[in-house]
Amino acid sequence: MTVRVQFWSYFKDLAGCAETTATLADGATIADLLKDVYARFPQLAAAEKSTLIAVGVDYQPHTYKLNDGDEVSLFPPVQGG
Amino acid sequence: MTRSLTLTTAPLDEAVLLAQRTMSTGMGAAVYFAGVVRGTEGDNAISAINYEAFEQMVRHQFDLIFDQLEKRWTLESVRVVHRLGVVKVGEPSLWVEIVSPHRGEAFAACQFLIDEMKRSVPIWKRPLK
């Protein structure tokens, strides 16, 4: 399956792009996706502990099972206000 | 509870927002909060902050917060306005209005809304020198 990954805030600077796609095995979780992303964008791995993850517009844990066509967002802690 | 969220790149006109307030006769409290851009970020002087938002998710996460407000307190209305893009020092970036029968729930709801926003609403700041 293929998922779209969007980077927000300074994660775009770290990745050098605003988005990418990842091809994963069926049944893959967000944890599997992160392994793929960190292998290709190692600059993002240093921020792993504080990284927030959403699928669509909802936060999801590392155990979340992805589906083909999902849009995943990775971003640093939020700072509104 | 009526709810209103505005995301805008235009400067906030607090007088206009205040003039748009509506309160039914059973309401006795209107609490306001304005978040204003400070002239420093850490130890460094700045001239402005550039706000970036994942807008679709911002709207959804605010809806979830509004749902929680509705469950916890008796409120007549909530209005939130958040600036996006470049906001200069001294200008408000966030404006909140809570209308309720009594002050206690209005203050509590306002505090809760802002705390939750800072925890879950995907907006980020980039200070500009």
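**Exercise 1.** Find which residue of β5(A) stands opposite A:Leu52.

*Solution.* A:Leu52 stands opposite A:Phe75. Next, place the strands. β3 (residues 52-55) and β5 (residues 71-75) of chain A run antiparallel, joined by four bridges. Strands here are DSSP E runs of at least two residues, and helices are H or I runs of at least four, numbered from the N terminus. Two strands pair if DSSP finds at least two bridges between them.

This is a predicted model: local features need pLDDT of at least 70, side-chain atom pairs count only at pLDDT 80 or more, and totals for chains, interfaces and linings use all residues. Residues are numbered from 1 along each chain as its sequence is written, while chains are lettered from A and ligands numbered from 1 in the order in which they are written.

**Exercise 2.** Give the strand order of the five-strand sheet in chain A, then name its edge strands.

*Solution.* The order is β2-β1-β5-β3-β4. The sheet is open, with mixed pairing. β2 (19-23) and β4 (58-59) of chain A each pair on one side only, and these are the edges.

**Exercise 3.** Check the span of α2(B) against its number of residues.

*Solution.* α2(B) has 18 residues. The expected span is 1.5 Å times one less than the number of residues. That gives 26 Å, and the end C-alpha atoms are 26 Å apart, so the two agree.
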